Amino acid sequence: MADKKIIIGIDGGGTKTALAAYREGTPVASAKTGPMNYNFIGADRAAENVLAGVRALGIPVGTIGAIGIGDPSIDDTVGTDPDSVSAKFVSLLKKALGVQVFVRSDAYMTLFGLTEGRKPGVLILSGTGAMGIAQNPEGHLFLAGGWGRISGDEGSGYYIAVEAIKAALRAIDGIAPATALTDALTGYFGVGTPRELITRFYPENGEPDIAGFAEAAASCAEKGDACAKKILTDAAGFLASYASVLMERTGSRTVGIYGSVLTRNRTVRAEFERLILEKYPDAGIMTPAVSPERAAAIYAGLQVLRER
């Protein structure tokens, strides 16, 4: 890395953010901090969380050469307006740290870890949100999904959680079959009666962790609840559809997967792999060998060298 300075790579998220520091490619520190999606929490709070993470690394600011960020709030196909929240966020970091900050989407940085920025490949991400991103042999990017919560964010943890909540409430109302999701829901939000859920859904301050309920839904599915299992397999179907479209557009049969839903949810992972391999028997499905935060650091180091 340039001048033997420390390069920090950041993998921003809607729930938590991971930071890692490297000197000449060797890891020297890592840390976790709060969410970074400023589309939901604002630029000031997102920057505060990142700065808290940098402090947690325990590295003197003067030793930092550059920072690379995988940003969950941006789209690589859209330019940055100088008056945008994104520009404000980057400006706050540059002012506080006095170093170069290189930003691409979190999806791109994770893809970079799979393709090294030059090989073709498809990456499907599903954590709080979900999308697919791919690169063809010529280096052109293609996207699928990633439209955010207002569209439903199909295939994501948020989608699973919302569908599970709706199924539980319909069962409570008696307009849908009984499901273990009902007890899971009241337990997750810590209420004694279902109607108390309303105050948990719409608190006076802040936003509840809706996406976190996806883990409870996964637990219900693994215990045999048919309703929960269908929600999870439907989510896998959306993710497989993203992958299929991107595989056709790029010709690549390398499919990377990332995010808690695809890497930790066994029902979603198994159904996703079944659907992909059924259609593309020659596909290789894998997790990227390079972590998103390391990929972000490598990307930032390359940009520093290119600007010299």
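Two strands count as paired if DSSP finds at least two bridges between them, while helices (H or I, at least four residues) and strands (E, at least two) are DSSP runs numbered from the N terminus. The model is predicted, so to speak of local features takes pLDDT of at least 70 and side-chain atom pairs count only at pLDDT 80 or more, whereas totals for chains, interfaces and linings use all residues. Residues are numbered from 1 along each chain as its sequence is written, and side-chain values use heavy atoms, with hydrogens and water left out.

**View 1. Five strands form an open sheet in the order β3-β2-β1-β4-β5.** The pairing in this sheet is mixed. Its edge strands are β3 and β5 (100-105), each of which pairs on one side only. From one strand to the next, the twist averages 15°; for such angles, axes are lines fitted to C-alpha atoms (for helices over the stretch in contact), and values run from 0 to 180 degrees between N-to-C directions.

**View 2. Strand β1 (residues 6-11) is mostly covered.** Six of its six residues are buried, where buried means under 20% relative accessible area, exposed over 50%, and partly exposed in between (1.4 Å probe, protein chains only). I6, I8 and I10 point one way from β1, and I7, G9 and D11 point the other way. With β2, β1 pairs in the antiparallel sense over six bridges, and here I8 stands opposite A21. With strand β4 (residues 64-71), β1 pairs in the parallel sense, also over six bridges. Look there for I10 opposite I69 and D11 opposite G70.

View 3. Strands β2 (residues 17-23) and β3 (residues 26-33) run antiparallel and are joined by seven bridges. L19 has A31 in β3 as its bridge partner.

**View 4. S156 sits in the loop between β8 (141-145) and α5 (157-173).** S156 counts as buried because its relative accessibility is 0%. The side chain of S156 reaches the backbone nitrogen of Y159 at 2.9 Å and the backbone oxygen of T128 at 3.4 Å. Leaving aside neighbours within four places in sequence, the residues in contact with S156 include G127, G129 and V261.

**View 5. Salt bridges: the structure holds 11 of them.** A salt bridge is a side-chain nitrogen of Lys or Arg within 4 Å of a carboxyl oxygen of Asp or Glu. R266 and E222 meet in one (2.8 Å, N to O), linking distant parts of the chain: R266 is in helix α11 (residues 266-279) and E222 in helix α8 (residues 213-222), 44 residues apart. R266 is exposed because its relative accessible area is 60%. D234 and K230 also form a salt bridge (2.8 Å, N to O), four residues apart in helix α9 (residues 226-250).

Definitions and conventions: Polar contact = N/O pair within 3.5 Å; in protein donor to acceptor, adjacent residues only side chain to side chain. Contact = heavy atoms within 4.5 Å.
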